[in-house]
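Subject: Structure handover

Hello,

Here is the structure for your files. My notes on it follow below.

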Amino acid sequence: MEWQPDEQGLQQVLQLLKDSQSPDTATQRAVQEKLEQLNQFPDFNNYLIFVLTSLKSEDEPTRSLSGLILKNNVKAHYQNFPPNVADFIKRECLNNIGDPSPLIRATIGILITTIASKGELQTWPELLPQLCNLLNSEDYNTCEGSFGALQKICEDSSELLDSDALNRPLNIMIPKFLQFFKHCSPKIRSHAIACVNQFIIGRAQALMDNIDTFIESLFALAGDEDSEVRKNVCRALVMLLEVRIDRLIPHMHSIIQYMLQRTQDPDENVALEACEFWLTLAEQPICKEALSGHLVQLIPILVNGMKYSEIDIILLKGDVEEDETIPDSEQDIKPRFHKSRTVTLQHEGGEGEEGEDIDEDEDDDDDTLSDWNLRKCSAAALDVLANVFREELLPHLLPLLKGLLFHPDWVIKESGILVLGAIAEGCMQGMVPYLPELIPHLIQCLCDKKALVRSIACWTLSRYAHWVVSQPPDAHLKPLMTELLKRILDGNKRVQEAACSAFATLEEEACTELVPYLSFILDTLVFAFGKYQHKNLLILYDAIGTLADSVGHHLNQPEYIQKLMPPLIAKWNELKDEDKDLFPLLECLSSVATALQSGFLPYCEPVYQRCVTLVQKTLAQAMMYSQQPDQYEAPDKDFMIVALDLLSGLAEGLGGHVDTLVARSNIMTLLFQCMQDTMPEVRQSSFALLGDLTKACFPHVKPCIAEFMPILGTNLNPEFISVCNNATWAIGEICMQMGVEMQPYIAMVLTQLVEIINRPNTPKTLLENTGI
């Protein structure tokens, strides 16, 4: 006897579904409690599937909601469903996949894939064969519903489908999907390509066996009038470029012609998928040969894609010039990640390792639209192509650039400035002759009346900072610095942010060239402290820290300290121990302490104490969490890492003066725990601090050597390169202090050190630290 709902029970469930659509929070809370009660009844889920699939008298949103609540129940406790309930739900899903309503079909599809991903693909053997059979149905709704469900299963379980566990269903499914590339409905064609696309990157054998048919079928769809189909065709070709370029090479000329058209598709989603093609092609060895003849068409298309769209401008409030008094909403602020301290030897240039900074400024042009869009993709493609073609790109670009950079329409002018920034890295050599007149023009753009022009000019100028610094300072450095400092105090928050980031880049390039202007620079940065909203304050800390790194001990002048320290310490006192804003402030203070050296003495005691407290609190919380994980939350260990790094900065800056602080604290005991932490970054920072304390106040370290050396020995594992590097460095510093007394400990570390030196491809810093 098939299960039937009880009328009273059904009314209860329907009332619950109605209530759950209410915006009132009290009602919502009651709904949650009621749900928990009803979940005690095994057949509650039968009612939910019944409303979804059979209660056609109800409105669609209510029926769909019933299915979504059921999906959440499946996710949470499917393993507790009685077998007859699970079977009833599965049967109902397959019988109703062709519901006339697209919303209900989609909901059933989501429900099916949720059950399937609960390990049920193995125990629901009829699912895939039945869905594949339903594809042959004369009824459009049944075919579309089954395809929708199959697409979701392919997305969620692509690896499992290509394994022996299920007896390789793809051998049947992929040829089946390929037949539907010719279907008369665009929605079905689109589903079919999307299903096959799930198996390209994983190189599923069944797809590789049919690769030529697949590529021919894609070519046949090249001119499809449906934008969703075109988007999926582009996506397929981009992935094939990575995985089976050998199969595309014979057709490369016509594929490039096709992609040139699609990158200009009226539908921006299609254009964006097509634009990815150039990014992917640039990474292939054949790029130069394949694209050389097409640059003349491609470059103008990419440049054209770099303009803000009308929607971008609305989203970016492009017509709002002054917003500096409006507080930031918290979701504007990206999470920050602290990079733990890695010890490097100072080279002649005083710069540490070169070639290690991964370019972090690629996406600084319009950060708040962090969604990937055609503008960003076009700019990224031009950037990588500039690195492939170098100066050969310029004959195609320069004639265009002139028209863009001096255009009366600000949107076009802005895109020209972005183009100039995008090619800076790849075409620098070829651009040098034009820079003496371009840089002054860009500096002028810093005063443009449009905020979006001012902000992009900041970014592009930062990309040419290296050249600016190589010229006599009065030529470009001084005017650039003067204007950038004005922009740091701009009335527009986006411009403030761009200017602060650009100034940090300029500081890194100019280093001590900035010393004559320090007073002026500090006045501006300190003034910005009182002016900035939350998000930009975090970037300001970075600009101050970078300044300290760049000018070093030149900062240690009473007048500079007087300007800089009071606002920093005021912020420091304002922030609570659990405030994440401490990260950038601690990083900033770490750089300042190292630069000021003895000048930091008046401030060191409270700063030192707080760092020790942060480490202690984090260790205590970690301890409580490991003993009672259900009672306590896991701590955010970044607090401890940043605090250890600031302690390193203090030890490095204050040298012997740190002695009294160490003597009055339990830092060595805490360090012993940190050195054994499970998280590599904590160990990495601990060893850096150990080395710095060894240099600064060895008498406090010496009593612990017997306990510390075995831990250092076990961390000489090049798997964790930065941990290993810092442990090696700390051992070196200890050796220098201990001299002959090192004898008993040598055995613990020597074999590992010799092994590191003899390993192929050990990074240079690690070799240097080992050699010591």
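Start with Lys 637, which counts as buried at 16% relative accessibility. Buried means under 20% relative accessible area, exposed means over 50%, and partly exposed is in between (1.4 Å probe, protein chains only). Lys 637 forms a salt bridge with Asp 677, with the closest N and O atoms 2.9 Å apart. The term salt bridge stands for a side-chain nitrogen of Lys or Arg within 4 Å of a carboxyl oxygen of Asp or Glu. The two residues are 40 apart and link distant parts of the chain: Lys 637 is in the loop between H33 and helix H34 (638–654), Asp 677 in the loop between helix H36 (667–674) and helix H37 (680–701). Asp 677 is also buried, with a relative accessible area of 9%.

Some ground rules. The model is predicted, so local features need pLDDT of at least 70 and side-chain atom pairs count only at pLDDT 80 or more, while totals for chains, interfaces and linings use all residues. Residues are numbered from 1 along each chain as its sequence is written, and side-chain values use heavy atoms, with hydrogens and water left out.

Overall picture. The protein chain has 41 helices and zero strands. Both are DSSP runs, numbered from the N terminus: helices are H or I with at least four residues, strands are E with at least two. Of its 772 residues, 56% count as buried. Along the principal axes, the C-alpha atoms fill a box of roughly 85 × 70 × 60 Å.

Domains. The assignment gives domain 1 (1–157), domain 2 (169–249), domain 3 (585–596 + 605–702) and domain 4 (709–771). These bounds come from an automatic or database domain assignment. The centres of domain 1 and domain 4, taken over C-alpha atoms, are 60 Å apart. An unreviewed UniProt entry annotates residues 31–99 as "domain: Importin N-terminal". UniProt positions follow the numbering used here, feature names are shortened, and annotations may be inferred rather than shown by experiment. That stretch is 71% helix and 0% strand.

The structure holds 35 of them. Arg 189 pairs with Glu 225, the closest N and O atoms being 3.6 Å apart. Arg 189 lies in helix H10 (residues 186–197) and Glu 225 in the loop between helix H12 (211–220) and helix H13 (227–243), so the pair ties together parts 36 residues apart in sequence. Arg 189 is buried at 7% relative accessibility, whereas Glu 225 is exposed at 62%. Asp 490 and Arg 487 form another salt bridge, at 2.8 Å between the closest N and O atoms. Both of these residues are buried.

Backbone. Which residue follows H32 with a positive phi? Gln 597 does, at near 50°. Gln 597 sits in the loop between H32 and H33 and is partly exposed at 36% relative accessibility. Helix H32 (residues 582–596) is mostly covered, with 13 of its 15 residues buried. Arg 390 also has a positive phi, near 50°, and is not a glycine. Its place is the loop between helix H20 (374–389) and helix H21 (394–405). Most residues other than glycine have a negative phi.

Best wishes
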